[in-house]
Amino acid sequence: MLNRKLLLIALSFSLFAHSSFVLSADVKCSLDSGQICTSHAKDMEGKTVEMCGLVAATKRFAKGYYINFDQKFPNQTITGVIWDDNLNNFQTQIGADISKIDGKALCMKGKIGSFQGRLQIVGYDKFKLQE
């Protein structure tokens, strides 16, 4: 039993010792460059981070766009918010219209918080689609 626990600890350590994680075939998070994966967002609430995840859906609202990561609303891991006054910056940086990013891997920088009990990241600075 002790050997089994030591093996599990060693495997866990080796997983976290690597600097890159692959969430799916399309999403990569590099801890060395300060990126987090959507699955770690809940641990970073209140902090400004660069987060990467798979875009499940985008939705227009009165003052901007919602980007649901990993799953569609209401089961998303976290929601990205892009305000209208930052939409041109977003689309210029990613090289695509926001309505065409569903199913793509996206990294965005912003502050993680919550709104109505759900995690969100308000993107303001750095946006990139992963190849």
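## Close-up views of a predicted model

**View A. The lining of the largest pocket is made up of 4 nonpolar, 5 polar and 2 charged residues.** Ala, Val, Leu, Ile, Met, Phe, Trp, Tyr, Cys and Pro count as nonpolar, Asp, Glu, Lys and Arg as charged, and the others, Gly among them, as polar. The model is predicted: local features need pLDDT of at least 70 and side-chain atom pairs count only at pLDDT 80 or more, while totals for chains, interfaces and linings use all residues. Residues are numbered from 1 along each chain as its sequence is written, and side-chain values use heavy atoms, with hydrogens and water left out.

The lining residues are Lys-59, Tyr-66, Asn-68, Phe-73, Gln-76, Thr-79, Phe-115, Gln-116, Arg-118, Leu-119 and Gln-120. Two elements, strand 5 and strand 8 (118-129), each give two or more residues to this lining. Strand 8 provides the largest share, 3 residues. The volume of the largest pocket is about 230 Å³. A pocket is an open set of points on a 1 Å grid over the protein atoms alone, where a 1.4 Å probe fits and protein lies on both sides within 12 Å along at least five of seven lines; lining residues have an atom within 4 Å of a point. Grid points are joined across faces, edges and corners, and the volume is the space filled by probe spheres set on the points.

**View B. Phe-61, Tyr-66 and Trp-83 are linked into a cluster by ring pairs.** The whole structure has 3 aromatic pairs. In the pair of Phe-61 and Tyr-66, the ring centres are 4.2 Å apart and the planes lie at 15°, so the pair is stacked. Phe-61 and Trp-83 pair edge-to-face, with 5.6 Å from centre to centre and 75° between the planes. Because Phe-61 lies in strand 4 and Trp-83 in strand 6 (residues 79-83), this second pair ties together parts that are 22 residues apart in sequence. Rings of Phe, Tyr and Trp (its six-membered ring) pair if their centres lie within 6.5 Å, with planes under 30 degrees apart counted as stacked, over 60 as edge-to-face and the rest as tilted.

Phe-61 is buried at a relative accessible area of 17%. Tyr-66, at 29%, is partly exposed, and Trp-83, at 35%, is also partly exposed. Buried means under 20% relative accessible area, exposed over 50%, and partly exposed in between (1.4 Å probe, protein chains only).

**View C. Gly-64 lies in strand 5 (residues 64-69).** Its relative accessible area is 0%, so Gly-64 counts as buried. Apart from neighbours within four places in sequence, Gly-64 is in contact (heavy atoms within 4.5 Å) with Lys-59, Ile-82, Trp-83 and Asp-84. The C-alpha atoms of Gly-64 and Val-81 are separated by 7.2 Å, and the two residues are 17 residues apart along the chain.

**View D. The side chains of Thr-38 and Asp-70 are joined by a polar contact of 2.5 Å.** A polar contact is a pair of N or O atoms within 3.5 Å; within protein, one must be able to donate a hydrogen and the other to accept it, and residues adjacent in sequence count only if both atoms are side-chain atoms. Thr-38 sits in the loop between strand 3 (35-37) and strand 4 (48-61), and is buried at 2% relative accessibility. Asp-70 is found in the loop between strand 5 and strand 6 and is partly exposed, at 29% relative accessible area. Phi of Asp-70 is positive, near 75°, in a residue other than glycine.

**View E. The peptide bond from Phe-73 to Pro-74 is cis.** Omega of this bond is near 15°. Pro-74 belongs to the loop between strand 5 and strand 6.

**View F. Gln-116, in the loop between strand 7 (105-115) and strand 8, has a positive phi of about 50°.** Gln-116 is not a glycine. At 70% relative accessibility, this residue counts as exposed.

**View G. The protein has 2 helices and 8 strands.** From the N terminus on, the elements run α-β-β-β-β-β-β-α-β-β. Helices (H or I, at least four residues) and strands (E, at least two) are DSSP runs, numbered from the N terminus. Of the 131 residues in the protein, 37% are buried. Among contacts with a separation of 6 or more, 48% are between residues 24 or more positions apart.
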